[in-house]
Amino acid sequence: MWLANYRVDLCDGAAGEAAVLSRAPHGVRALSDRDERRYALVEEAPVRRAAWPGDQRPIVVGAGPGGLFAALRLGEAGAPVVLLERGEPVERRHHDVRAFWRRGELDRDSNVVFGEGGAGAFSDGKIYTRRRDGDLGWIFRRLVDHGADPQVLEEGWAHLGTDRIREILPRLRQRLVDLGVDVRFRTRVDAFLVEAGRCVGVRLGDGSELRGAPVIVATGHSARDTWAAMLDAGAAAEQRPIHIGARIEHPQRLIDLARYGRARGDLPPASYRLTSRPPQGKARPAHTFCMCPGGTVVAASNLPERVVVNGMSYSGRRSSLANAAVVVQVTPADYPGSDPLAGARFQDAIEARAFCCGGKGFKAPAQRVEDLLAGRASTSVGRVSYTLGVRPADLRDVLPEPLIDGMIAALRHFDRRLHGFAGPDAVLIAPETRTTAPLRFLRSPERESTTLPGLMPIGEGAGYAGGIVSAALDGYRAAQVLVERFCPRLA
Ligand SMILES: Cc1cc2nc3c(=O)[nH]c(=O)nc-3n(C[C@H](O)[C@H](O)[C@H](O)COP(=O)(O)OP(=O)(O)OC[C@H]3O[C@@H](n4cnc5c(N)ncnc54)[C@H](O)[C@@H]3O)c2cc1C
């Protein structure tokens, strides 16, 4: 039997609708009239340019959601911004990613995590937040203006899909170029220039220098080389807990049956979100993360001889498989050292073990859940979506014991919540290490490094975001600080 709960609110006119939306428990907080005026669609809003101080040329490093929205806000305010991106524009990046997924040919600067759009480009494109007002309104309006379905303004659980994201990005780029932003691809920042204790520019991969300030660094959770460069330049950072585990993959119809109680028919592919909190000292807490209904498990490494997995889906979510990360709590006490990069070394060691267990060719180690629970290695795993292929394995050879214990406790618990979760059709593909950054750069409320003025660490890589929307918001707000400082008339 299939049961659903609906609540129907009747309202009279726009004011009534806004009142209903504002109290709907799973609804979206709608744009107010003030928001509509302030964050008007780009075509409607005249570009408000101002005399940006001649000696202030902001540099934005990284064209993921954080960097793109920082550059867009600055560009709209008339700032002479330079946007530097180590990877390719999304059209060419798409070919680079395909070469990796099909043939294991890795481009270290243009891949699933690097290139225009950042890590969000080859993602599920879930943009989960119930708010569409305030600064988020500015972001959502621009997403729609550049090609996102206007429905995302109304859905609390909106999903763009990787194919749609790829259509939005070139339009966003064109907008930046029209605003006068100097957008440079295949331009990697290798070091930061420091004079009299201030960051005054960057050194590029070809050895040349580019002077400008402030430098907004939005390089994401996988640019470990850039973290090292920031630390070398004098930016202080601290360790931060993360979650690590594996992707679990099931037939989508198993999830539909468990959630809907029957085949889904015309309903969207079902999803889930599960949490495990074993009694203190028994096993570590764990949860599912980034569930991709009708999705695909993808190879997401940017480094040779390292295996990393993640999940994504297309807007139609038509794959017959469903995946999600099952991740277990990791704390700085697990890291091999007390320096800020120790967490990255912890991730890296797991990724290197996975490469070996996978047969040293970007195949991912995989284990049937039943085998993991029975304490034996898998000898076969059945059909999975991971295009580079998997190698049946024992995930104990990849993940440290406390993580395996946490995962086993979670899988047993989740199986009681969602029938079949730990059944014979469930396969784990490992490792899911890049859930977020294992460090945080210390910054002031104005988003400036507390130890290196002129440097603004933002987004997921700086430890201040955990998804597309929060990274974009951090970028917008960093830019807004500069607009308020240099052009208060426009803020
Ligand atoms: C496969 C996958 C699926 C995901 N699914 C979702 C999802 O459904 N929903 C969601 O909200 N989040 C998802 N995420 C997470 C989301 O993508 C990130 O949280 C978000 O992209 C972080 O934005 P960011 O701008 O901080 O960094 P990033 O998006 O990582 O962007 C950083 C950019 O900086 C560039 N860069 C790095 N170093 C340098 C350098 N030295 N010089 C120049 N450029 C540099 C990189 O090439 C990259 O383009 C997913 C991530 C992955 C990998």
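Phe69, Leu72, Arg73 and Glu76 of helix H3 meet Trp138, Ile139, Arg142 and Leu143 of helix H5; contact here means heavy atoms within 4.5 Å. The model is predicted: local features need pLDDT of at least 70, side-chain atom pairs count only at pLDDT 80 or more, and totals for chains, interfaces and linings use all residues. Residues are numbered from 1 along each chain as its sequence is written, and side-chain values use heavy atoms, with hydrogens and water left out. Helices (H or I, at least four residues) and strands (E, at least two) are DSSP runs, numbered from the N terminus.

H3 spans residues 65-76 and H5 spans residues 134-145. Their axes come within 12 Å and cross at roughly 90°. Axes are lines fitted to C-alpha atoms, for helices over the stretch in contact, and angles run from 0 to 180 degrees between N-to-C directions. H3 is therefore roughly perpendicular to H5 (65 to 115 degrees). The contact has five nonpolar, no polar and three charged residues. Ala, Val, Leu, Ile, Met, Phe, Trp, Tyr, Cys and Pro count as nonpolar, Asp, Glu, Lys and Arg as charged, and the others, Gly among them, as polar.

The largest nonpolar core has 112 residues. Such a core is a set of buried Ala, Val, Leu, Ile, Met, Phe, Trp, Tyr and Cys residues joined through side-chain atoms within 4.5 Å. Buried means under 20% relative accessible area, exposed over 50%, partly exposed in between (1.4 Å probe, protein chains only). Leu74, Tyr386 and Ile429 touch the most other members. Helix H12 (residues 468-486) gives the largest share, eight residues. Domain 1 (47-125 + 160-238 + 439-490) and domain 2 (241-432) both contribute, so the core lies between them. Domain bounds come from an automatic or database domain assignment. Apart from this core lies another, of 24 residues, including Phe192 and Trp227.

Val298 lies in strand E14 (residues 296-299). Val298 is buried, at 3% relative accessibility. Beyond four places in sequence, the residues it touches include Trp101, Met312 and Tyr386. Val298 and Phe122 are 176 residues apart in sequence, yet 9.1 Å apart in space, C-alpha to C-alpha.

Some backbone angles stand out. Most residues other than glycine have a negative phi, and most peptide bonds are trans. The bond from Ala213 to Pro214 is cis, with omega near -10°. Ala430 and Pro431 are also joined by a cis bond, with omega about 0°. Phi is positive at Cys290, near 50°, and at Phe362, near 70°. Cys290 is partly exposed at 23%, whereas Phe362 is buried at 11%.

Key
Parallel < 35°, antiparallel > 145°, perpendicular 65-115°, else oblique.
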